[in-house]
Amino acid sequence: ASNSNNCDRDSSKSKLGAVFISGPAGSGKSRLVQPLIDYASSQSAGWIFTKAKFKRGRSYASSGIVSVMFDEVVSHVVKMKEGGKPDQVAYFERVTRSILTTIGKDELHGLVPFLPSLRMLFSDIDWEQHENTQMHTGWQLIYSVTKIIESVIDKGQLIVICCDDLQWAEKSSLQLVGEVLIN
């Protein structure tokens with residue numbers, strides 16, 4: 001692969017770094033990252049792993065792929081609570097408290113269409129009461145998703161996001177992924 005840019009993790013700011021790998025089709029980019037994918041997906045790694053494969057085509061909505069990718073992060077936090085281990089349950093509680101503090105219970109309703117696992121993460125909320133709430137879009141969606149991802153990382157969990165064929169993503173999906181990763 002060519003044109004690799006590596007931004008190391010800055011432990012003083014508790015932000016996750018990024019590695020961007022680009023190159024011509026068929027040059028082995030996916031094969032290069034496969035060992036990282038295998039390690040991040042393993043139970044022993046302790047990382048949250050999510051992957052998105054974008055496809056070419058006008059009829060293909062990449063926003064659904066981005067939604068699933070970020071929803072997998074939320075779903076992983078839910079699974080930690082369900083696992084029942086004291087340290088995982090404590091982590092779950094820290095993350096949910098952080099999300100409620102930064103976003104607020106009322107704002108979560110507009111995120112459920114994009115992140116359906118929020119219903120399980122906050123099972124004590126009466127979701128039916130706000131059934132007709134309009135989904136967040138634009139900067140409101142970017143801000144909320146960023147705050148959720150920050151809550152997961154800041155409370156001690158690393159996240160690996162693998163975006164394959166990102167060049168086929170729609171402009172709004174690229175903006176969302178880009179802003180979340182930058183922030």
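The model is predicted: local features need pLDDT of at least 70, side-chain atom pairs count only at pLDDT 80 or more, and totals for chains, interfaces and linings use all residues. Residues are numbered from 1 along each chain as its sequence is written, and side-chain values use heavy atoms, with hydrogens and water left out.

Start with the overall layout. The protein has 7 helices and 4 strands. Helices are DSSP runs of H or I with at least four residues, strands are runs of E with at least two, and both are numbered from the N terminus. From that terminus on, the order is β-β-α-β-α-α-α-α-α-β-α. Of the 183 residues in the protein, 35% are buried. Buried means under 20% relative accessible area, exposed means over 50%, and partly exposed lies in between, using a 1.4 Å probe and protein chains only. Contacts here are heavy atoms within 4.5 Å. Among contacts with a separation of 6 or more, 62% join residues 24 or more positions apart.

Now turn to the helices. Two packed helices are described by the angle between their axes and the distance between the axes. The axes are lines fitted to C-alpha atoms, for helices over the stretch in contact, and the angles run from 0 to 180 degrees between N-to-C directions. Angles under 35 degrees count as roughly parallel, over 145 as roughly antiparallel, 65 to 115 as roughly perpendicular, and the rest as oblique. A crossing is left-handed if the near helix is turned anticlockwise from the far one by less than a right angle, and right-handed if clockwise.

Take H3 and H6 to begin. Helix H3 covers residues 86-102, and helix H6 covers residues 138-154. They pack at an angle of about 150 degrees, with their axes 9 Å apart. H3 is therefore roughly antiparallel to H6. The crossing of H3 past H6 is right-handed. From H3 come Tyr91, Val95, Ser98, Ile99 and Thr102. They meet Tyr143, Lys147, Ile148, Ser151 and Val152 in H6. The residues of this contact of H3 with H6 divide into 6 nonpolar, 3 polar and 1 charged. Here Ala, Val, Leu, Ile, Met, Phe, Trp, Tyr, Cys and Pro count as nonpolar, Asp, Glu, Lys and Arg as charged, and the others, Gly among them, as polar.

H6 also packs against H2, which spans residues 62-83. The axes of H2 and H6 come within 11 Å and cross at roughly 40 degrees. H2 is therefore oblique to H6. This crossing of H2 past H6 is left-handed. H2 supplies Phe70, Val73, Val74 and Val77, and H6 supplies Val145, Ile148, Ile149 and Val152. The contact of H2 with H6 has 8 nonpolar residues, no polar and no charged.

H2 and H3 pack together as well. Their angle is about 140 degrees, and their axes are 7 Å apart. H2 and H3 are therefore oblique to each other. Their crossing is left-handed. Val77, Val78, Met80, Lys81 and Gly83 of H2 make the contact with Gln88, Val89, Tyr91, Phe92 and Val95 of H3. The residues of the contact of H2 with H3 divide into 7 nonpolar, 2 polar and 1 charged.

Next come the charged pairs. Side chains of opposite charge can pair when their charged atoms come close. A search of the whole structure finds 3 salt bridges. Each needs a side-chain nitrogen of Lys or Arg within 4 Å of a carboxyl oxygen of Asp or Glu.

Lys53 forms a salt bridge with Asp164, with the closest N and O atoms 3.6 Å apart. This pair links distant parts of the chain. Lys53 sits in strand S3 (residues 47-53) and Asp164 in strand S4 (residues 158-164), 111 residues apart. Asp164 is buried, at 16% relative accessible area, while Lys53 is partly exposed, at 40%.

Lys53 also meets Asp165 in a salt bridge, at 2.6 Å from N to O. Asp165 lies in the loop between S4 and helix H7 (171-182), 112 residues from Lys53. Asp165 is partly exposed, at 23% relative accessibility.

The other pair is Lys147 with Glu150, at 3.1 Å from N to O. Both lie in helix H6, 3 residues apart, about one turn of the helix. Lys147 is partly exposed, at 22% relative accessible area, and Glu150 is buried, at 17%. Through shared partners, salt bridges join Lys53, Asp164 and Asp165 into one network.
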